[in-house]
Amino acid sequence: MSSSENGIHVLIFPFPAQGHILPLLDFTHQLLLHGFKITILVTTKNVPILDPLISTHPHVKILIFSFPGHPSLPFGVENVKDVGNSGNAPIIVGLSKLKGLILEWFKAQPNPPKAIVYDFFLGWTQDLAEEVGVPGIVFYTSGALLVSILTDIWRNFGAYRGLGLVEFNGLPKSPRFVRDHLPSVFQKFKEGDPTWEIVRNGFISTGKSFGSVFNSFEALESEYLDFLKKEMGHERVYSIGPINLVGGPGRIGKSNVDDGINEGVFTWLDECADESVLYVAFGSQKLLTKAQMEALTIGLEKSGVRFILVAKQLSAQQEEQGFGSVPEGFKGRGLVIKGWAPQVEILGHRAVGGFLSHCGWNSVLEAIVAGVLILGWPMEADQFINAWWLVENMRTSVQVCDGPNTVPYPIELGRRISEAMSNDLFKERARELRDEALKAVKIGGSSKRDLDSIVRELAQLKS
């Protein structure tokens, strides 16, 4: 179906972090399938991330700017993967320096974009959209619960400042968190600091957007999607996820992996009983310390559970900084994958029943789609919030550890893993949530309905 035969032009502006860029490119893929003309704005070093999309849609235009940089970033850094979570704020501010150049580009176009779809970390783009007179549509790569909390934080920042325990009584189910478990932007925010003021103003600006698109679905977060509709004052709050279920152009990284290693992993899984294997991975940014890695590997051995452990290849500098590799000779009852792993495919294998995860939003959705139990070890950013929702409310997950510096007691960790992997009730709830996710993206489902709605809104834009 082509809903935009007249080729409505849309500018896509992703934030350069893997967990942000990939879902937005999946959404971009859907817009392309519906006949939209797309331009994607990236800085020079981030162009290769677009390769899978470009190979599927070679007519996509790329708008490339040199990254202006930021005093706190090492020279040449343009992506969060190179600096970790601490790079978010300076990269946001560095990109904001492109506003003048983007305005000039707009004015020079014979057929300028009729809308801008931007990542929610780039909220300053909303002001740019208003300046050029087109709708700004914010794409959230996180859940509606997190955004509800962020909205409340910035509105009541003064009241929450300095509190050790923050209670969000104006939100559904009145979430409450210790300060260390709240989003990093709240913990690190420095009033009066130019960098952080740009970050805060950007988050506030997203509230003025024409529409909001979430990589989530109603059965998972209906209460918070409804809350945000009231906050925004309109119904243009769309949940179109899990977007990886809808279908995308492919993921970067697979070409760098030895297919023979992958084949061995799946051959091994084929020999395992249904739902007997625990998949262990902590996302693209987080590294475990030596003590944490040692405790984790001992805990896996003590659990008696079959597992696949994904461990990053460490540089000499990272080892000097105290990060840990898998101990020599460690095997237990599982496999160790060093480097990138085909996470979606592994989680989807019938033998995998659990996922020991940091609870980043993309990993959460991938686990939900696979119908596997999440064993949470949240560490930063939105992860504690995601874990709280899954453990305390959805009851599809259990928490086995928490905190970026916590070293679990190996025997206790092993016991928790063993108990979780033998908990049929939680596994059944995980399968039920998978079924809801599958239903959402099918014809007649909530996510399919919302995707069709945002496509119609964009297709109606005229010059």
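Of the 463 residues of the protein, 57% count as buried. This is a predicted model, in which local features need pLDDT of at least 70, side-chain atom pairs count only at pLDDT 80 or more, and totals for chains, interfaces and linings use all residues. Residues are numbered from 1 along each chain as its sequence is written, and side-chain values use heavy atoms, with hydrogens and water left out.

Q: What makes a residue buried or exposed?
A: Buried means under 20% relative accessible area, exposed over 50%, and partly exposed in between, with a 1.4 Å probe and protein chains only.

Q: Which residues of helix 4 are buried?
A: In helix 4 (residues 99-108), Ile102, Leu103, Trp105 and Phe106 are buried. Helices are DSSP runs of H or I with at least four residues, strands are runs of E with at least two, and both are numbered from the N terminus.

Q: Why are these residues said to be on the same side of helix 4?
A: They cover an arc of only 160 degrees around the axis, so they lie on the same side of helix 4. The arc is that of the directions from the helix axis to the C-beta atoms. On the other side, Glu104, Lys107 and Ala108 are exposed.

Q: What covers the buried residues of helix 4?
A: The cover, by contact (heavy atoms within 4.5 Å), includes strand 1 (9-13), strand 2 (37-43), strand 3 (61-65), strand 4 (115-119) and helix 5 (124-132).

Q: How many helices and strands does the protein have, and why is the protein called as compact as a globular protein of that length?
A: The secondary structure comes to 20 helices and 15 strands. The radius of gyration is 22 Å, close to the 23 Å of the globule rule for 463 residues, so the protein is as compact as a globular protein of that length. The radius is taken over C-alpha atoms, and the rule is 2.2 Å times the number of residues to the power 0.38.
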